[in-house]
Amino acid sequence: MISIQKIVFLGILSLSILGSSCQDSEKVDFSTQIKPILNNKCITCHGGVKKNGGFSLLFEEEAMAITESGQPAIIRGDAANSEFIKRLHEDDLELRMPYEKAKLSDEEIDLLTRWIDQGAEWGEHWAYSLPEKVEVPSITSAASFAPEIASDFIKNDIDSFVLARLNEKGLAPNPAAEKNIIARRLALDITGLPPSEELLQKFQEDNISYETLVDQLIAQKNYGEKWATWWLDLARYADSKGYEKDIARSIWRYRDWVIDAFNKDLPYDQFTKEQLAGDLLPEPSTDQLIATAFHRNTMNNDEGGTDDEEYRIAAVIDRTNTTFEVWQSTTIGCVQCHSHPYDPFKHEEYYKLMAFFNTSQDEDTPDEGPILKFYNKTQQQEVDKVLQWVNTYGDKKEQKYYKDFLQFTEPVYKAHFFKEFDNSVYDDHASVVFWDDGNLIIEEAYTNKASFVYLNYRSHYNGTKMTIREKDANGPILAQFTINKEKNRTTSQFPLKNIEKKTNIYIETQNDAVAPEVNILNVYWVGFIPDMPGKNQTGWSEVNSAFIKSLNADTETLPILAENPEYMKRTTQLFDRGSWLTKTDTVEPGTPESLNAWNQDWSQDRLGLANWIVDKKNPLTARTLVNRVWHQIYGRGIVSTIEDIGSQSDPPSHPALLDWLALRFMNEHNWSTKALIKEIVMSGTYRQSSKSTPEMYRIDPENELYARGPRIRLGAEQIRDQALAVSGLLSDKMYGPGVMPPQPAGVWQTVYNGADWVESKGEDRYRRGIYTYLKRTSPYPSFLTFDAGSREVCMIRRTPTNTPLQALVTLNDPVYLEASHQLAKKTQVANNVDESITQSYERATFKEITPARLDALKELYQTSLSEFKQNEEASKLFLPFEKQPTPELGALTVVANAIMNLDEFLTKT
Amino acid sequence: MKDIVEKLIQEKLAREVQAKTRRHFIKSCAQGMGGLALSSIFMGCDPLNTPPKKTAMAFSERDLNPLATLAPPLAPKVKSVIYLHMAGAPSQLEMFDYKPELHKYDGQDCPQSLLEGKKFAFIKGTPKLMGPQADFKQEGESGNWVSNFMPHFKNVVDDVAFLKAVHTDQFNHGPAQLFMHTGSARLGRPSIGAWATYGLGSENQNLPGFVVLTSGGNTPDAGKSVWGSGFLPSVYQGVQCRSKGDPVLYIEDPDGITRDLKKSTIDAINKINKEEYAKYADPEILARINQYEMAYRMQIAVPEVMNINSEPKYIQQMYGVEPGKESFANNCLLARKLVEDGVRFVQLFDWGWDTHGNIREGSIDMGLRNKCREIDRPITALIMDLKQRGLLDDTLIVWGGEFGRTPMQENRGNTKMAYKGRDHHGDAFTMWMAGGGIKKGASHGKTDDIGFSGIEGQVSVHDVHATILHLLGFNHEEFTHEFQGRNFRLTDVEGDIIKEILA
């Protein structure tokens, strides 16, 4: 890779200096020389969106095809007769291409001409194929720096790649960072928190090696919390449903699953499969079902008047787009309306991908079904009774059916399936309202030959007679029963005449005691569950009661993915220009041709898709992951456009390193994220000092050459976590529902639901940021100020900013004042101001204080002290948490707050 | 601006030279390392290409203070912009675009020829046309049409210039709002206000350069991206100020802390940060030093400017403000105060204009009338107030939604709706501008007899943007920012200045 790059580099350089005349014999490279010209100059009008003149340069077969003129625009081997080239030279501005734009440069025309004369070979972009092996470069004596610099620097193979490029640029790496600095950097990168005093001391006193430090940090539970914070941005995890109403959603068990998955180092291929298709794995565990909530983090629209189907499709589209953004660094969203403007993905391929996600059971209903139920102990005993029975007397199919139904109450016919309403109406809240003499139809329903129908409903009156008929109002009666008043949503079982075939089901209600047009009954769903086996065995009716009892158990829940049964499967059709209202051809699930091939052994469902994504031949999965982990650590990806690895992305700073890391991650680390992170932080590249000079910033402002260590502002959660940690306030409690630490009043604008920000009590006020309740329309404000997102859609990158509003947070937010107060209290040394300040500073920054800094902080201390002494009341007001506020403690708190506002505190150095 | 361009050219040249002579460069620089003073940070020490001192200082100033005032490259007509966005899309057919012919067709099927190849958000099958639900009169000397939904507006009708045939290719709120404010229907581009503050900085270093005020109980559908900075540095993004609670979160000092003590705190922080810079040379440290100074000044300036109680009673009455509440009227008065204090771009979003006819509030006959009542008086007052202070000549006011509404009554899901409503319609709708450089009383563009399509003077969203930038002193084709190897501009590859409405 390195050598190829050098040749290309030289090629461009010499071109620009010498012109093109003496280059005729050199082979033109499509990917590096031709594709960029086509992308920048031609493809807007001749690509995925527009195909002016019937000519497109997006795919090879299109570029070589016959255009509207009746001739191909490109004739291989004959540039002189290719219309494509002729048009570049045209004098008539109406005919010259690019149309109404500046003429291409002589160099560009020359390159295109030679490319066609050489046969117009279509190359593949580097992103769409992965090499089998990458050699680690050997560092030759040509280095522009002393050999001992190289030998001190190189700690593992990563460094050889980095050094090779530094060498090329004539730059030398920085020396290693001091121990306290690297320990803080490492702990923040691995655990999101500063290191514990104990661990730091062991490392500083050489009781443990750097590698042991790495291992110990990576083994901490905090590791999972730190890296889950990153993943939850990708998973668009939030505690509310989004859109206008933005009602609460109980999905925190998914957040806890991610934390655990990182902590137990679930291999990334398995991590992927469980999230995309845990429900389709053989005998899925509860954890594997929880994992599928990844794609239930899509928004759910409860607003009145919105079409459930429209927002179901919006969710399916989001799942398709997010899957590609998260695993493939590809913005597939554009392909919804037309072929990709730059990348080799075709319009219908989008819908083939969408077809994988279009068959799940969720339907944008307010109850968010399918929801996984979490039974308590007593409830579980009833459930187990049923499952044991079915396992004894039923076949495999019945066992699965009952297990699924008890876990997530699917499949059922939900209210929005119902049609032909008469004295009945779909009420927008996932139920159908019946009046007296109300009736409706469930189209093409399959009753599973069941002897019972299950009804989920609320009933406002006694004595409602319900009749269920086959086909229509005149069809044979299948069931007839009376429904009495039920205030809460209830599931009941009623006898049904069993039938074989799929048929329309007609349902009518009658209650003469109630006036017309009065709501007598809300029906949420109708279910036909295959009969419970063992009907002739003693004990059946007891188990049957346990079953009904379990269906009505009030449990905690979590939205999950589950597939529709065959008889309820949806087909997927192309949308014309991306509009769901105009559907055209039907498509089958499939993956884009330009990527790795489909293996016929895979099932044509989400599990197959997951297998395809983690197939070692997929060129984007491992690269995407290593690039983003690298970005987390260095603040810049090897491909800096971490959202996009494709023909419009920035070229990698170290192409061979990217591929080497990706291959090693799959083949040698066996998809272990911990091993990958360890390898990166073990490198000499990582362990460098981040000290620098203005000149170095001029040469390499983004640090893409790695002649210095990373220096990045901490993330939103980290800034708060760190303040709580150094002040000793941080709670180490893990898991559970989102917590509500103090935030300013009036931040939540709750228009439609009574939800309130109820300030958490006790240690829940001091939990890590990952546990802070996230309401999409109103996230925790200080996190937002520090660039966290609202998690409505997948967020690949948080763009770090530097604004006065951030200063206001760390200076004035009561959270930081409380932390400052605690830090001051912890480090106060009686009658020794110097020592108090020094300890406070060192505890927060992990650095020895310089005399200049001590002076600056002492001056602040004296100013504060005299103010508080003059006005004793002020120190009381300033320290609302303190029982015995003194001017001295007030002054130390001001100093501690100043320390928490230092650049070195807010930054990983 | 010139300085930025100059800087970019210098940077580019420097990079090219360095590519050849990097080793030499490093060597000669190495001697100068250590003991660097703040003022010399961006003075190159490349002996082959030492930029002139002036350029270096301009770069340095911008980097220390990204909101430092810059002069636009061309003569500007206005200094500030107040953009009034009616989120949800107001109906032009009940406000400014009078279509008497549409009355005649009321209740008749929409001609198939209009529906062919068209897409609507909710309309299905063949909808019926619906006549104007408001009465219209020609007002002022200009004789421009204004409906009875806007009774006060006639007093300023001669100050504004109408665009009657604006079109957009987006017909859903989120994407259309993004398009209207960033020039692209997809996330990630800077908003107009971000471009303006990026190009011009702010006239007042104690206030954010770009302020956002919302009313109507909701923020826009497209979320905060409509005032985002996209790929520009985030310091140029809009700062949302609240008319309830702290105007900006955490702007108040903690109890017991005096302003003097806060000043001492920030001085100590910055002193140490300067020492840190000497070691790490990270320009982010310099930016942080500056942000802390600005934060201190903002703490005084923001509460002052956001306090409408300090305005005289007659001014409050003129706008119809309700102190302590979140209202469009309050925001109009705040907008005047903000531009008066030198804020570059004030963006108002008023939510609740989506009149489909599915609910009462969202109906053309009732909901829209109420929304118009909420804006009519404040907008009229805003124009008059700016005028009486001599500020209107330095300010541009832009009014509009993200698209318009159909001449057809909505028939969502092919059913009859509970109330009278109109669907989303991007083919032709009305916007207006007023202020410096605008031809008073003009009306540009015309729609057909029923207001479905523009038939003359059609202008695009890009044209509107080109015109705003022109008035601020930019050639929209040359005002670019390089991102991921490509030069981006607000108007993408389109946009013509709408000369017909310029004075």
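A residue counts as buried if 20 or more other C-beta atoms lie within 10 Å of its own, as exposed if 12 or fewer do, and as partly exposed in between, with C-beta atoms placed from the backbone. Ala187(A) is buried, because 27 other C-beta atoms lie within 10 Å.

This is a predicted model, in which local features need pLDDT of at least 70 and side-chain atom pairs count only at pLDDT 80 or more, while totals for chains, interfaces and linings use all residues. Residues are numbered from 1 along each chain as its sequence is written, and chains are lettered from A and ligands numbered from 1 in the order in which they are written.

Ala187(A) belongs to helix 8 (residues 179-191) of chain A; helices (H or I, at least four residues) and strands (E, at least two) are DSSP runs, numbered from the N terminus. Apart from neighbours within four places in sequence, Ala187(A) is in contact with Leu193(A), Pro194(A), Pro195(A) and Leu217(A), contact being defined as C-beta atoms, placed from the backbone, within 7 Å.

Helix 21 (residues 621-634) and helix 22 (residues 655-667) of chain A pack with their axes 8 Å apart, at an angle of about 110°. The axes are lines fitted to C-alpha atoms, for helices over the stretch in contact, and angles run from 0 to 180 degrees between N-to-C directions. Helix 21 and helix 22 of chain A are therefore roughly perpendicular, a class that covers 65 to 115 degrees. Among the residues of helix 21 of chain A that meet helix 22 are Leu625(A) and Val626(A).

Most residues other than glycine have a negative phi, and most peptide bonds are trans.

| Residue | Feature | Value |
|---|---|---|
| Thr409(A) | positive phi | about 55° |
| Tyr735(A) | positive phi | near 70° |
| Pro411(A) | cis bond from Glu410(A) | omega near 0° |

Thr409(A) sits in the loop between helix 18 and strand 2 of chain A, and Pro411(A) is placed in the loop between helix 18 (396-408) and strand 2 (413-414) of chain A. Thr409(A) counts as buried, with 23 C-beta neighbours inside 10 Å, whereas Tyr735(A) is partly exposed, with 14 other C-beta atoms within 10 Å.

The contact between the chains takes 60 residues from chain A and 58 residues from chain B. Helix 31 of chain A gives the largest share of the chain A side, 9 residues.

How values were computed
Two residues are in contact if their C-beta atoms, placed from the backbone, lie within 7 Å. Angles under 35 degrees count as roughly parallel, over 145 as roughly antiparallel, 65 to 115 as roughly perpendicular and the rest as oblique.
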